[in-house]
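Please take some time with the sequence and the model shown below before reading on.

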Amino acid sequence: MKNRSLKVIGGVAASLMLVVTSLSAEPVDDTLTVNEEMTLVTRTAAPAHLSDIMDEVISGWHFRGTETRAMQADDFDNPGMIFVEAGEDSWNTAEGSEGKSCADCHGDAADSMKGVRATYPKFSEAAGKVITVENQVNDCRENRMGAEKWKYAGGDMVNMTALIASVSRGMPVNVAIDGPAKETWELGKELYYTRTGQLELSCANCHEDNYGNMIRADHLSQGQINGFPVYRLKNTKLNSVHARFKGCVRDTRAETYSPGSPEFVALELYVASRGNGLSVEGPSVRN
């Protein structure tokens, strides 16, 4: 009991330290124009369901340094585009018992997938629940191609979601949160505001209460996910939304959920809805 008490006290002290030692650093005033031809919306009025909490939603791009922002503005410099090319290779490769590729049913991804990323997660009548892009990809693989499902946050899947995101760049995020999606959205909202772990932190403690602050040498953003999948300079690879969720929960020193779990699907729907109106940016570049 004594050791447990010490852990709790230590966690609370660490939580307080995170706030006390933070330094204010406003998001930079800049414009993201990709390849000098596509200007993205990276700051806009908060969606109606956030209007009593904040006035503006801001892409994580504004919270990064000059060099990192520049990398995302040019596809030749954006390391995430390598994974888009790998995703396109998979798109055109026939697999499974049906001997089909994605292209056999959908044609060119640039045409058929444009706008898809902007509306996911979404309620699927066929599945009877809210699904993500990853869920839909695996449904196609299993039921249309007769191929094995990909690991939810594995390399093949992240490459494919990077391709699907890339062809929607510049389009506004517009996930539905009413109707049959409402129950899942409410669960995601509850998870977003629930404190977890020894540090007793919620998503909101960092990304709503403290965005714009420097904590542990990093600049806290609003935690928007319009840029996913994200190439992180920290681990030099493309990262999925649920992999980032898993890392955040782990950082609170709590037991985390698995990528693709109902909890993370709900959380993704809620967090995505907080960025309604921002442009799809994926694959983006972050620290």
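Predicted model: local features only at pLDDT ≥ 70, side-chain atom pairs only at ≥ 80, totals over all residues.

The space in the second largest pocket amounts to about 330 Å³, and its lining is made up of 21 residues, of which Trp91, His106, Gln136, Val137 and Cys140 lie nearest the centre. Two or more lining residues are given by each of α3 (81–91), α4 (102–106), α6 (133–145) and α7 (155–166). Sorted by class, the lining of this pocket holds 13 nonpolar, four polar and four charged residues.

**The cavities**

Rolling a probe the size of a water molecule over the atoms shows where empty space is left. In this model the count comes to two cavities of 30 Å³ or more, and the table sets them side by side.

| Cavity | Volume | Classes of lining residues |
|---|---|---|
| Largest cavity | about 110 Å³ | nine nonpolar, three polar, two charged |
| Second largest cavity | about 50 Å³ | four nonpolar, two polar, two charged |

Fourteen residues are not all named here, but among those that line the largest cavity, Arg117, Val173, Ile225, Asn226 and Ala272 lie nearest its centre. The lining of the second largest cavity consists of Arg117, Val133, Glu134, Thr161, Phe228, Pro229, Ser240 and Val241.

Helices α3 and α7, which both give residues to the lining of the second largest pocket, pack at an angle of about 100° with their axes 7 Å apart. Angles of 65 to 115 degrees count as roughly perpendicular, and so α3 is roughly perpendicular to α7. In this contact Phe83, Val84, Ala86, Gly87, Glu88, Ser90 and Trp91 of α3 meet Asn159, Met160, Ala162, Leu163 and Ser166 of α7. By class, the residues of the contact divide into seven nonpolar, four polar and one charged.

The axes of helix α10 (residues 241–251) and helix α11 (residues 262–274) come within 10 Å of each other and cross at roughly 100°, and therefore α10 and α11 are also roughly perpendicular to each other. On the side of α10 the contact is made by Val241, His242, Phe245, Lys246 and Val249, and on the side of α11 by Phe264, Val265, Leu267, Glu268 and Val271. Seven nonpolar, one polar and two charged residues take part in the contact of α10 with α11.

**Two residues in their surroundings**

Leaving aside neighbours within four places in sequence, glutamate 268 is in contact with Arg117, Pro121, Thr132, Tyr152, Ile225, Val241, His242 and Phe245.

Not counting residues up to four places away in sequence, asparagine 226 touches Ser59, Val173, Leu278, Ser279, Val280, Glu281 and Gly282. Of these, glutamate 281 is 55 residues apart from asparagine 226 in sequence, yet the two are 5.9 Å apart in space, C-alpha to C-alpha.

Notes. Residues numbered from 1 in each chain as written. Heavy atoms only, no water. 1 Å grid on protein atoms, 1.4 Å probe; cavity = no way out; pocket = protein on both sides within 12 Å on 5 of 7 lines; lining within 4 Å. Points joined across faces, edges and corners; volume = space filled by probe spheres on them. Nonpolar A, V, L, I, M, F, W, Y, C, P; charged D, E, K, R; others polar. Axes fitted to C-alpha atoms, helices over the stretch in contact; angles between N-to-C directions. Helix = DSSP H or I, 4+ residues; strand = E, 2+ residues; numbered from the N terminus. Parallel < 35°, antiparallel > 145°, perpendicular 65-115°, else oblique. Contact = heavy atoms within 4.5 Å.
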